Amino acid sequence: MESRRDRFEEVAPGLIEPLRRFLARRTDPATAEDVLAETLLVCWRRAEELPADPLPWAYAVARNCLRNAERAVRRQQRVAARIATVDPPAEATSAIEPDQDVRDALLRMRADDAELLRLWAWEQLEPAEIAVVLGITANAASVRLHRARTKLADQLGKTGAGAGHEESREGRRS
């Protein structure tokens, strides 16, 4: 009994050129080569099942592989058409720019603290998400965020600019 490898090596040389011509007459050269490779792979996998005259059987395999390739191309074209017709996302509105006092205060802070505040305020990340971005624990992010906000408030207090969250004293007795 011959092995699969022996059987494939016996029949493959006689299949390649007829299959190449068969495919070249039906599709573009690149697709023909891809389908030829797929056809030979099927022949390899099923070498023990190859009939005595394997060429017609191999033509059938090549024909099916070509149909699969053509279906794949059609699917890709449909997906591309759908993507092209999808409404583009709404244009992003311009981000609210911090006023110059906040910018100056951030520039005076340590870079790590300023980045942490930007992640929190501009990107609206929670401390656990900031922790992922910075590669620290969520607890460390919470603590650092609290400290950074305090430092920012101090920086804004030094310039005389309000932090924007001053408590109202209306209605309170001092």
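**Reading a helix pair**

Author: Gladly. Thr31, Val35, Glu38, Thr39, Val42 and Cys43 in H2 meet Trp57, Ala58, Val61, Ala62, Cys65, Leu66 and Ala69 in H3. By class, this contact of H2 with H3 has 10 nonpolar, two polar and one charged residues. Please keep in mind that this is a predicted model.

Reader: At what angle do the axes of H2 and H3 cross?

Author: For a helix pair, look at the angle between the N-to-C directions. Here the axes of H2 and H3 (residues 54-85) cross at roughly 130 degrees and come within 9 Å. Angles over 145 degrees would count as roughly antiparallel, and 65 to 115 as roughly perpendicular; H2 and H3 are therefore oblique to each other. The crossing of H2 past H3 is right-handed.

Reader: Is Ala32 buried or exposed?

Author: Buried means under 20% relative accessible area. Ala32 has 5% relative accessibility, so Ala32 counts as buried. This residue lies in helix H2 (residues 29-45). Leaving out residues up to four places away in sequence, Ala32 touches Leu23, Ala24 and Thr27. Its C-alpha atom is 6.9 Å from that of Arg20, 12 residues apart along the chain.

Reader: How many helices and strands does the protein chain have?

Author: The protein chain has seven helices and zero strands. Of its 174 residues, 26% are buried. Among contacts with a separation of 6 or more, 58% come from residues 24 or more positions apart. The chain exposes about 12,800 Å², with carbon and sulfur atoms supplying 51% of it.

Conventions. Residues are numbered from 1 along each chain as its sequence is written. This is a predicted model: local features need pLDDT of at least 70, side-chain atom pairs count only at pLDDT 80 or more; totals for chains, interfaces and linings use all residues. Side-chain values use heavy atoms; hydrogens and water are left out. Helices (H or I, at least four residues) and strands (E, at least two) are DSSP runs, numbered from the N terminus. Buried means under 20% relative accessible area, exposed over 50%, partly exposed in between (1.4 Å probe, protein chains only). Contact means heavy atoms within 4.5 Å. Accessible areas come from the Shrake-Rupley method with a 1.4 Å probe; for residues, only the protein chains shown count as cover. Axes are lines fitted to C-alpha atoms, for helices over the stretch in contact, and angles run from 0 to 180 degrees between N-to-C directions. Angles under 35 degrees count as roughly parallel, over 145 as roughly antiparallel, 65 to 115 as roughly perpendicular and the rest as oblique. A crossing is left-handed if the near helix is turned anticlockwise from the far one by less than a right angle, and right-handed if clockwise. Ala, Val, Leu, Ile, Met, Phe, Trp, Tyr, Cys and Pro count as nonpolar, Asp, Glu, Lys and Arg as charged, and the others, Gly among them, as polar.
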